[in-house]
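Hi,

Here is the structure I said I would pass on. Have a look at it first, and then read on for what turned up.

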Amino acid sequence: MQLWICWAVRERMEITVLKEEKNMLEVEIVGIDISLLEQLVDEMQSNADVEFVAYKRVHPLVSNPVLILKTKKKSPREHLSKVLDEMLKTWDDLLKEMSNL
């Protein structure tokens, strides 16, 4: 079930930039499961250049999550893109492994 969710997210996830500054990015993410959003935040927290990362949601039924990312030096947009690419590659690898079972 979780692998299907990962595939579905890849096909319909949309990111809208709400606010962008030199070292801060605030984006709304449409079409992502909260458990995958938690994984995204965890992955970003492991980077030493990340000063702050979290998400907020006004209400689970009427709003999309908003991710806030602050970095020390590197571009937050590039960092988010890199982490998302790595996560999608991991999900693809899991799908391939599951299809071989």
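A quick definition before the sheet: two strands count as paired if DSSP finds at least two bridges between them. Strands themselves are DSSP runs of E with at least two residues, and helices are runs of H or I with at least four, both numbered from the N terminus. Do keep in mind that this is a predicted model, where local features need pLDDT of at least 70 and side-chain atom pairs count only at pLDDT 80 or more, while totals for chains, interfaces and linings use all residues. Residues are numbered from 1 along each chain as its sequence is written, and side-chain values use heavy atoms, with hydrogens and water left out.

The overall layout

The chain has three helices and four strands, and from the N terminus on they come in the order α-β-β-α-β-β-α. Of its 101 residues, 34% are buried, buried being under 20% relative accessible area with a 1.4 Å probe, protein chains only. Taking contacts (heavy atoms within 4.5 Å) between residues at least 6 apart in sequence, 53% join residues at least 24 apart.

The four strands make an open sheet with antiparallel pairing, in the order 1-2-4-3. Strand 1 and strand 3 (50-56) are the edges, each pairing on one side only. Neighbouring strands are turned by 20° against each other on average, direction ignored; axes here are lines fitted to C-alpha atoms (for helices, over the stretch in contact), and angles run from 0 to 180 degrees between N-to-C directions.

Going through the pairs:

- Strand 1 (residues 14-20) and strand 2 are antiparallel and joined by six bridges. They form a hairpin with three residues between them, and Val17 sits opposite Val27 of strand 2.
- Strand 2 pairs with strand 4 (residues 66-71) over five bridges, again in the antiparallel sense. Here Glu28 has Val66 of strand 4 as its bridge partner.
- Strand 3 and strand 4 run antiparallel too, with six bridges, and Tyr55 faces Leu67 of strand 4.

As for burial, strand 2 (residues 24-30) is mostly covered, with five of its seven residues buried.

The helices

Helix 2 (residues 34-45) lies across strand 2, strand 3 and strand 4, and runs at about 170° to strand 3. Helix 3 (residues 76-99) has 24 residues and spans 35 Å from first C-alpha to last, close to the 34 Å expected at 1.5 Å a residue; that expectation is 1.5 Å times one less than the number of residues.

How do helix 2 and helix 3 pack? Their axes are 10 Å apart and the angle is about 120°, which makes helix 2 oblique to helix 3. For reference, under 35 degrees is roughly parallel, over 145 roughly antiparallel, 65 to 115 roughly perpendicular, and the rest oblique. On the helix 2 side, the contact is made by Leu36, Gln39, Leu40, Glu43 and Met44, and on the helix 3 side by His79, Leu80, Val83, Leu84, Met87 and Trp91.

The buried residues of helix 3 are Pro76, His79, Leu80, Val83, Leu84, Met87, Leu88 and Trp91. An α-helix has 3.6 residues a turn, so residues three or four places apart point the same way.

His79 lies in helix 3 and is buried, with a relative accessible area of 10%. Leaving aside neighbours within four places in sequence, His79 touches Met44, Asn47, Val50 and Leu69.

Cheers

Definitions and conventions. Buried < 20%, exposed > 50% of the residue type's maximum accessible area, 1.4 Å probe, protein only.
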